[in-house]
Amino acid sequence: KVLQLTLAVIKPDAVAHPVMLEALHKIILGNNFVVVKRKDLAWRRQDSERFYAEHSGRFFYQRLVEFMSSGPMRAYVLAREDAIRHWRELMGPTKVFRARYTSPATIRARFGLTDTRNTTHGSDSVESAQREIRFFFPDFCAEEWLEKEEPSFRS
Ligand code: DAT
Ligand code: MG
């Protein structure tokens, strides 16, 4: 079992509601994630466009970019065994209305407003986690952190 890092983001729809923000923070702490880094921030439109460049041209791109730069967010670097998969499982399906139908206990089913305003983000692979952690936390060195911390997780 290998310690893994992922990027989790609480999106503007959820940060706007303190009760939701608090509930999401508790979900993170209650699921054996270690909060390695945490930051409140807001994006300019161009940050949003750059982060979601892979979706440019999709019908929802403008609305996604607009939404993600519409207000403050909270970003976390989270660590645990199998962190990427576990966080995505907690989030549930991308589409809120599908999530409500197929997995009503997930974050997006419980808190999401629409398919775009879906409460949280989570990296979907080791490669995207690396890229996204660098995007949000350019000064953070994952290798250094793992080297220092992993032995204590194994003991
Ligand atoms: P995920 O966030 O689950 O990784 P994704 O990477 O496919 O999903 O899409 C990024 C975001 O874009 C997603 O969280 C919300 C928005 N989005 C995706 N598909 C959408 C759709 N069909 N309608 C509206 N918004 C969508
Ligand atoms: Mg994605």
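This report describes the annotated residues, the ligand surroundings and the packing of a predicted model.

**Extent of the annotated domain**

An unreviewed UniProt entry lists residues 3-144 under "domain: Nucleoside diphosphate kinase-like". In the model this span is 46% helix and 20% strand, and its end C-alpha atoms lie 13 Å apart.

**The annotated sites**

The unreviewed UniProt entry places the feature "binding site" at Lys 11, Phe 60, Arg 88, Thr 94, Arg 108 and Asn 118. The annotation "active site", also from an unreviewed UniProt entry, covers His 121.

Lys 11 is found in the loop between strand S1 (3-10) and helix H1 (12-15). Lys 11 has 24 other C-beta atoms within 10 Å and is therefore buried, since a count of 20 or more marks a residue as buried. Leaving aside residues up to four places away in sequence, Lys 11 touches Met 68, Met 73, Thr 119, Thr 120 and His 121. The C-alpha atom of Lys 11 is separated by 12 Å from that of Met 91, although these two residues are 80 residues apart along the chain.

Phe 60 is found in the loop between helix H3 (45-51) and helix H4 (61-68). With 13 other C-beta atoms within 10 Å, Phe 60 is partly exposed.

His 121 lies in strand S4, which spans residues 120-122. His 121 is buried, with 21 other C-beta atoms within 10 Å.

**The surroundings of ligand 1**

Ligand 1 is surrounded by His 55, Phe 60, Leu 64, Thr 94, Asp 115, Thr 116, Asn 118, His 121 and Asp 124. This shell divides into two nonpolar, five polar and two charged residues. Among its members, Phe 60, Thr 94 and Asn 118 also carry the "binding site" annotation from UniProt, and His 121 carries the "active site" annotation.

**Two residues with positive phi**

Most residues other than glycine have a negative phi. Asn 32 and Thr 119 are two residues of this model with a positive value. Asn 32 is found in the loop between helix H2 and strand S2 (34-41), whereas Thr 119 is found in the loop between helix H7 and S4. The table sets out their values.

| Residue | Phi | C-beta neighbours inside 10 Å | Class |
|---|---|---|---|
| Asn 32 | near 60° | 12 neighbours | exposed |
| Thr 119 | about 80° | 26 neighbours | buried |

**The nonpolar core**

The largest nonpolar core has 24 residues, and those with the most contacts inside it are Leu 5, Leu 7, Ala 8, Leu 78, Ala 83 and Trp 87. At least two residues of this core come from each of S1, H2 (18-29), strand S3 (73-81), helix H5 (83-91), H7 (107-111) and helix H8. Trp 87 touches Thr 6, Ala 8, Leu 78 and Gly 122, not counting residues up to four places away in sequence.

**Helices with a buried face**

An α-helix has 3.6 residues a turn, so residues three or four places apart point the same way.

In H4, Leu 64, Val 65 and Met 68 are buried. These residues cover an arc of only 95° around the axis, which puts them on the same side of H4. Gln 62 and Glu 66 are exposed on the other side of H4. The buried residues of H4 pack against H1 and H3. Leu 64 is also one of the residues that surround ligand 1, and Met 68 is one of the contacts of Lys 11.

In H8, which comprises residues 126-136, Ala 129, Glu 132, Ile 133 and Phe 136 are buried. The buried residues of H8 fall within an arc of 105° when seen down the axis, so they line one face of the helix.

Technical notes
Residues are numbered from 1 along each chain as its sequence is written. Chains are lettered from A and ligands numbered from 1 in the order in which they are written. This is a predicted model: local features need pLDDT of at least 70, side-chain atom pairs count only at pLDDT 80 or more; totals for chains, interfaces and linings use all residues. UniProt positions are given in the numbering used here, feature names are shortened, and annotations may be inferred rather than shown by experiment. Helices (H or I, at least four residues) and strands (E, at least two) are DSSP runs, numbered from the N terminus. Two residues are in contact if their C-beta atoms, placed from the backbone, lie within 7 Å. A residue is near a molecule or strand if its C-beta atom, placed from the backbone, lies within 6 Å of it. Ala, Val, Leu, Ile, Met, Phe, Trp, Tyr, Cys and Pro count as nonpolar, Asp, Glu, Lys and Arg as charged, and the others, Gly among them, as polar. The arc is that of the directions from the helix axis to the C-beta atoms. A nonpolar core is a set of buried Ala, Val, Leu, Ile, Met, Phe, Trp, Tyr and Cys residues joined through C-beta atoms within 7 Å.
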